[in-house]
Amino acid sequence: MAHFTANQSTMEAICDTAENGRTIMVHIVDFDIMDGIQWPALMEALYNSNIGVGHMRITAIKWDQKVYSYWKHTGRRLCKHAESMGIPFSFEEKELKDVNSVCAEKDEMIIANCMWRLPHMSHDRSKQKLSDFFNGVRCLRPAILTVGRGAECESNSPDVFSRFVHGLQYSCAMFDSLEAELAEHPLARESIEKLLIGPAVMHMMPCQQNMIHGDQLKTADIPLQSGYKVGVISERNVCQARAIISRQAGKYYGVQVMRDGRLSLTWASVPLLSVNVYVYCRPAHIKLGIRQ
């Protein structure tokens, strides 16, 4: 749901820019692209629309150069998919420290995207890296910044008991949802629990939290300190999210629009993940990120 929600917000921003039949150049700057599973769907949406795409470019920002040797395979797959639909496409990689060197061509529409500590992702990415990405890409003045994040990022209270209760609620919701989806596949469920959910829950617990300077800052606040303001997730996007979960008849999934503008996927009212949309707003002299 995080990818579909981010893609829908991106498509709406592109449609607003491509009014009057103008051909558009799309440049996506993606933090931690992994397998790039959300971008073929965006390509197909563009192909099936009336938008003229003169060129599509993806710049993948690597948060750790040691673990991403497979990114070249991701780039080749995306190039092949774009070629099958006749969309001019290019792919490049940049280290996080070099994000300031990303160049925007004339008339390019910049889209920034970040999926952060979703349930299937590793939890060893520090919030400082997230802040570095937001601050670095800000110089490109992106038309939209989409951020999907795991619900565990919302628990930043220094109170041990509050963190424990939050972790317990989240872990119960995750395990219950897995039981509902994978009751007939115990080996798959056990693998997901051990490799993904277990480490996520341990990261949330007070004994595992590394309370270094700045770590108590909420993830949702980092873009605000990096020169963005909260954007609006459209009613159409909310309806799409509800349509996705409606296929899970009889389950406890839900969609909630929170006061801070984020769209959350819930299980029995407990958030599992959230998506925010941000837009660039402030000049470069603002106080940056979590680094003092």
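## The chain as a whole

Among contacts in the protein chain between residues at least 6 apart in sequence, 77% link residues at least 24 apart; a contact here means heavy atoms within 4.5 Å. This is a predicted model, in which local features need pLDDT of at least 70 and side-chain atom pairs count only at pLDDT 80 or more, while totals for chains, interfaces and linings use all residues. Residues are numbered from 1 along each chain as its sequence is written, and side-chain values use heavy atoms, with hydrogens and water left out.

The protein chain has eight helices and nine strands. Both kinds of element are DSSP runs numbered from the N terminus, with helices being H or I over at least four residues and strands being E over at least two. Of the 292 residues in the protein chain, 49% are buried. Buried means under 20% relative accessible area, exposed means over 50%, and partly exposed is what lies in between, using a 1.4 Å probe and protein chains only.

## Two helices side by side: α2 and α3

Let's start with a pair of helices. Two packed helices are described by the angle between their axes and the distance between the axes. Helix α2 (residues 39-47) packs against helix α3 (residues 71-84) at an angle of about 15 degrees, and their axes are 10 Å apart. The axes are lines fitted to C-alpha atoms, for helices over the stretch in contact, and the angles run from 0 to 180 degrees between N-to-C directions. That makes α2 and α3 roughly parallel to each other; angles under 35 degrees count as roughly parallel, over 145 as roughly antiparallel, 65 to 115 as roughly perpendicular and the rest as oblique.

The crossing of α2 past α3 is right-handed. A crossing gets that label if the near helix is turned clockwise from the far one by less than a right angle, and is left-handed if anticlockwise. So who meets whom? On the α2 side you'll find Trp 39, Pro 40, Met 43 and Glu 44, and they meet Leu 78, His 81 and Ala 82 in α3. By class, this contact of α2 with α3 has five nonpolar residues, one polar and one charged. For these classes, Ala, Val, Leu, Ile, Met, Phe, Trp, Tyr, Cys and Pro count as nonpolar, Asp, Glu, Lys and Arg as charged, and the others, Gly among them, as polar.

Next come helix α5 (residues 160-182) and helix α6 (residues 186-204), whose axes cross at roughly 165 degrees and come within 11 Å. α5 and α6 are therefore roughly antiparallel to each other. α5 passes α6 in a right-handed crossing.

The α5 side of the contact includes Arg 163, His 166, Tyr 170, Met 174, Phe 175 and Leu 182, while the α6 side includes Pro 186, Arg 189, Ile 192, Ile 197, Val 201 and Met 204. The residues in the contact of α5 with α6 divide into eleven nonpolar, four polar and four charged.

## A covered helix: α4

Now for α4, which is mostly covered, with eight of its eleven residues buried. The buried ones are Lys 127, Leu 130, Ser 131, Phe 133, Phe 134, Asn 135, Gly 136 and Val 137. What covers these buried residues of α4 includes strands β1 (24-31), β2 (53-62), β4, β5 (144-150) and β6 (228-230), along with helix α7 (222-225).

## Loops worth a look

Arg 117 is in the loop between β4 (108-116) and α4 (127-137). Although Arg 117 is not a glycine, it has a positive phi of about 50 degrees, and at 6% relative accessibility it counts as buried. His 120 is in the loop between β4 and α4 too, but counts as partly exposed at 39% relative accessibility. Leaving out residues up to four places away in sequence, His 120 touches Met 34 and Leu 196.

Ser 269 is in the loop between β8 (263-267) and β9 (270-280). Its phi is near 70 degrees, a positive value in a residue other than glycine, and Ser 269 counts as exposed at 55% relative accessibility.

## Thr 266 in β8

Thr 266 lies in strand β8 and is buried, with a relative accessible area of 2%. Not counting residues up to four places away in sequence, Thr 266 touches Tyr 252, Tyr 253, Gly 254, Val 255, Gln 256, Pro 271 and Leu 272.
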